[in-house]
Amino acid sequence: MPANGLYLFAVGRGLDPAAISGVEGIDGAALEVVVWRDLQAVVCAVDLTEFGEASLARNLEDLTWLERVARTHNDVVFAVAATGTVAPMRLVTICEGEDSVRDRIEALHHDLSAALDRVEGRREWSVKVYAATAAAEPAPEPPDDKAEVGSGAAYLRRKRALADRRRAASDRSLHVADEIYGALAAAAVAARQLPPQDPRLTGRSEPMILNAAYLVAIDEGAAFRALVQRVNETHASATLEAEGPWPPYSFATLDAP
Amino acid sequence: MTESPETSRSPTHSRPYRSSPAQYSDGPAPANLADILERVLDKGIIIAGDIKVNLLDIELLTIKIRLLIVSVDKAAEMGIDWWRNDPMLSSQAQDLSEENRELRERLAELESGGQADEDT
């Protein structure tokens, strides 16, 4: 008989277990709620032949497996977050059983409660800023000395000049990104910068000059989205895209920002 | 404002049914794998479970994922299979190595005072 573990999706407070009873966990397993004091851990049973230490190390290298588990994890977090205050767990946090889950909650009760306090009544908004296409690549300059065209020295000079123009364009982009980040942060409870996403991962060709997450009160979401639109309109060199509201992944952390 | 396409079309993965009214309406779950991975791998409550996951591996995985593309189909198209082979053997790494080698040769020529190569 295969051994099971419990896969942790999130720790919450005030969740409505009935609201998530129809939601599927990993590999179609039913979600369960493990209660300890005022906190609730949302879990599902997983097969340790798939989620044991050795198998995990192997499966995490398999993009198909990783994508499936990550999307399921995220879908469950979204479903649970709609019913109450939630601190999502990182992917593949697995405990032996319910006692172990309760032990974790007890040991971390103070920090978990603080994380939940920080995000209660609030949601995360993702704002990504791309350099507007025209400003993305500096225009090439014509050779200034035709007699030297093709020589090694001119070649290196052209390379250096291009690098300088790219650096200047990048500096301008950074300045615009900083300004936009600050303008939106002023309207949010908290803000975080995430690393810009690789174009090969997003399929977007324009450079991403800002990848930010904002914590915004639930009933201020529409106003925040409207602010993003206004900032977008006043910055010709940048394109802003807002997505949300999402569960507060970036803010319900044990290490307070 | 340009809305990301993900916010205006249905998510490609169905959202779980909620049997009771939502306390507030959510935006659709992100369809962009980059958004999901950078959050579920790198954010949230990070604690050690009972099943050991080498945390260093997760961080390395996050870095590797950032270098990857959005779907498995695209990965196959581009021949990306870093999880099986040394990434230094990937086609893109080979292109960069080749360009690097050419630039070093040009520098060597200039430093040695040889005739400049005209084939740039």
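## Burial and the cysteines

A residue is termed buried when its relative accessible area is under 20%, exposed when over 50%, and partly exposed in between, with a 1.4 Å probe and protein chains only. The structure is a predicted model, in which local features need pLDDT of at least 70 and side-chain atom pairs count only at pLDDT 80 or more, whereas totals for chains, interfaces and linings use all residues. Residues are numbered from 1 along each chain as its sequence is written, chains are lettered from A and ligands numbered from 1 in the order in which they are written, and side-chain values use heavy atoms, with hydrogens and water left out.

A disulfide is a covalent bond between the sulfur atoms of two cysteines. Here it is taken as a pair of cysteine sulfur atoms within 2.5 Å, and the count over all chains is zero. The sulfur of A:Cys44 has its closest cysteine sulfur in A:Cys95, 12 Å away, which is too far for a bond. A:Cys95 is likewise in no disulfide.

Helices (H or I, at least four residues) and strands (E, at least two) are DSSP runs numbered from the N terminus. Axes are lines fitted to C-alpha atoms, for helices over the stretch in contact, and angles run from 0 to 180 degrees between N-to-C directions.

Contact means heavy atoms within 4.5 Å. Residues of H3(A) that meet H2(B) include A:Leu66, A:Ala70 and A:Arg71, and among their counterparts in H2(B) are B:Ile36 and B:Val40.

## Helix packing within chain A

H7 (residues 152-185) and H9 (residues 221-234) of chain A pack at an angle of about 155 degrees, with axes 10 Å apart. They are therefore roughly antiparallel to each other. In this contact, A:Ile180, A:Ala183 and A:Leu184 of H7(A) meet A:Phe224, A:Leu227, A:Val228 and A:Val231 of H9(A).

## The setting of A:Thr253

A:Thr253 lies in the segment after strand S8 (238-246) of chain A and counts as buried, at 3% relative accessibility. Leaving aside neighbours within four places in sequence, A:Thr253 is in contact with A:Ala115, A:Arg118, A:Arg192, B:Gly44 and B:Ile45.

Methods
Angles under 35 degrees count as roughly parallel, over 145 as roughly antiparallel, 65 to 115 as roughly perpendicular and the rest as oblique.
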